[in-house]
Amino acid sequence: MNQSQRSKDVRSLPRLPPVDTESLTTYDFKMQSLRASLLELVRRTSAEIPDDVQKAILDSLENEKKGTIAESALKIIERNIEMAKQKSQPICQDTGSIILYVDCPATFDQITFEEITREAVREATKKGHLRQNSVDSLTGLNDGTNVGPGSPTIHFHQHRSPEIHVRLILKGGGCENVGAQYSLPNEKLKADRDLKGCRKVILDAVLQAQGKGCGPGILGVCIGGDRATGYEFSKQQFLRTLPDRNPSHELDQLEHDIFKTANELGIGPMGFGGKTTLLGVKICAANRLPASFFVSVSYMCWAYRRQGVVLKPTGEIDKWMY
Amino acid sequence: MIPLTVPITEEEIRSLKVGDAVGISGVLFTGRDVVHKYLHDGGALPPGVSFKSGIIYHCGPVVIQDEQGNWKVTAAGPTTSIREEPYQGEIIREFGLRGVIGKGGMGDRTLAACKEHGCAYLHAIGGAAQVLAECIKAVRNVYFLKEFGSPEAIWELEVENFPAVVTMDCHGNSLHKEVFAASQAELAKHV
C-alpha cells in the first residue's frame, strides 16, 4: 500500500464523537521529572529484586538439603541480592530486554512518553544500571545506547482511571532463549488438545530449560492465542506477584500441579540437582482459532526484575507498585 | 574449596572431579558468542594474548569507565555456555585452555575435548553478577572493544577466589548429563 492510499484509508475512518475535555485530567509532564522517575524505575528494577521473589528464594534456601551444591548456589544468590541492592548495581550483568507496560488514560501523550523513555534508557546505560545490551541484528554493531528498533519495547494500554501506571520488566537473554512454543497435538510428547496435553508440554519446557535459564525459575504460560499473542500474554504473566491466585479455578489448579511436579524432578538451582526447580507458575488462557492450539511458555530466571510506579500527572513518582 | 591458580597445569586440572568447589585466582579472559565464532573461523588472538594453560570465561560484563579512563567491572556473572558448543572443543585444543567458566553446562563434543586435552568446565552461579564482580580485582586490558562491542569484547581480568563448581571433568563425567537423565526419568513417572 502506498502512502497516499494509506492516508486516504485513514481519512475514510468514521468520525469519533467529540471528547468532553472538561471532564478529563490533563497531563502536564515536567520532562525533567518524568525522565528522573523513569531513570529511578530502571535503576531500582535492575538492582533490587521484588519482595515477593526474594521471599520465595529465602524459603527455597530453607527447604534445600544442607551441605549440597544446590544449597551453596542459593546462598550465593541470596548474598548477590543483598549486594546488588546495597551497591545499587545490576543484580545480573545481563540487564535484559527492556519491556515497559504502561496503563494510561485516553488523554495521555504516548509520543512524549516514548521519547522521554528513550532518553532515560540512554542515561541509565551511561550510569551502568543497564549493560550496553542492544545489537544491530544485521551489522552486529552495538552502539552502546540500548536504544534502537524494538528497544525499549513499550506496551501502552488505556484504562478508565486518571492514574498512570508504568511497570518494567528486564528479562535476560539466558532465560529468554529457553522459552518454548508448542503446537498441539504434539505426537512426540503424546500431548493432545486438552489441559492434560498442556501440562505435558509445560513440564517438557521445564525439563529442557534446566541449567540454561538460571533456575530456580518462574514460568509464564499462555494457552491459546496466535504465535505472537501467545508469547506476549505469557510474558505479561510476569506482572503478577508470586503468591497471587489465578481467578480461574482450572488454571489455578494447573499452576499448583505444575509447580509441585516440577519441584519433584530433582533439577534444582542452576540444574545442579536439588529440590528447588521453580519458584512460581503463572498461566493464562486466550481464545484460539479452531485450527490452532498453541501453548507458549516464557521462562524467567531467579533474577526476576520487575518493578512498577504510579506517576503523578506531572511525572513524579507517586508510589511503587510492588 | 580447592584453590586453583592460573596458569593451571594438566596434572592439577586432571585431579579435579565433578562436584568439587574451586576458588580461582589469576588472570581470566572473557569470551562469548562473537569471540568463539571469530576464533573458530581462524581469527587470531591479539598480540600478547595467550589462552595457554588459562581459562576462558563466558561472560559479558557491565563495565564503566571513570573520568581518568580506568575500567571498573560492576556486574559480571556467566552467560549460557551451550551456545559455544559448536566451537568450544576445537578452541580448547587449538589454544591450550585448561578451564572454561560458564553456566548451564556443555555437550558431548566439549566433554570429549576436556578429556582428551585436559580441561574442565567450571560452573559459576548464573545471575550472581555482584558476588562474582567482587572477585575481580583489576581490569588489565580489553581487546576488540570497538569491533565486538562491550559485552562481546575480550576483557582481561585479574580475579581472586572466584567461586565455581566443577560440573564437567577430565574423566568424561558431566553433572548436567546425570541430572538431565535422572529428571527425565522422574518426569516420565508424572506424565
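Visitor: How far apart are the centres of domain 1 of chain A and domain 2 of chain A?
Guide: The two centres, taken over C-alpha atoms, are separated by 27 Å. This is a predicted model, where local features need pLDDT of at least 70, side-chain atom pairs count only at pLDDT 80 or more, and totals for chains, interfaces and linings use all residues. Residues are numbered from 1 along each chain as its sequence is written, chains are lettered from A and ligands numbered from 1 in the order in which they are written, and side-chain values use heavy atoms, with hydrogens and water left out.

Visitor: Which residues does the domain assignment give to each domain of chain A?
Guide: Domain 1 is 28–46 + 92–172 + 305–320, and domain 2 is 174–300. Such bounds come from an automatic or database domain assignment.

Visitor: How much area do the two domains bury between them?
Guide: About 960 Å², with 60% of it on carbon and sulfur atoms. Buried area is the accessible area (1.4 Å probe) that two parts lose on being put together, summed over both.

Visitor: Now the chains. How many residues of chain A are in contact with chain B?
Guide: 41 residues of chain A are in contact with 41 residues of chain B, where contact means heavy atoms within 4.5 Å. Chain A and chain B bury about 3,500 Å² between them, 65% of it on carbon and sulfur atoms. Of the area that chain A buries against chain B, Gln93(A), Arg131(A) and Phe272(A) supply 18%, more than any other three residues.

Visitor: Which side chains meet in a salt bridge there?
Guide: Those of Glu134(B) and Arg79(A), at 3.1 Å, N to O.

Visitor: Which element gives the most to the side of chain A that touches chain B?
Guide: That is α4(A), with 9 residues. Helices (H or I, at least four residues) and strands (E, at least two) are DSSP runs, numbered from the N terminus.

How values were computed
A salt bridge is a side-chain nitrogen of Lys or Arg within 4 Å of a carboxyl oxygen of Asp or Glu.
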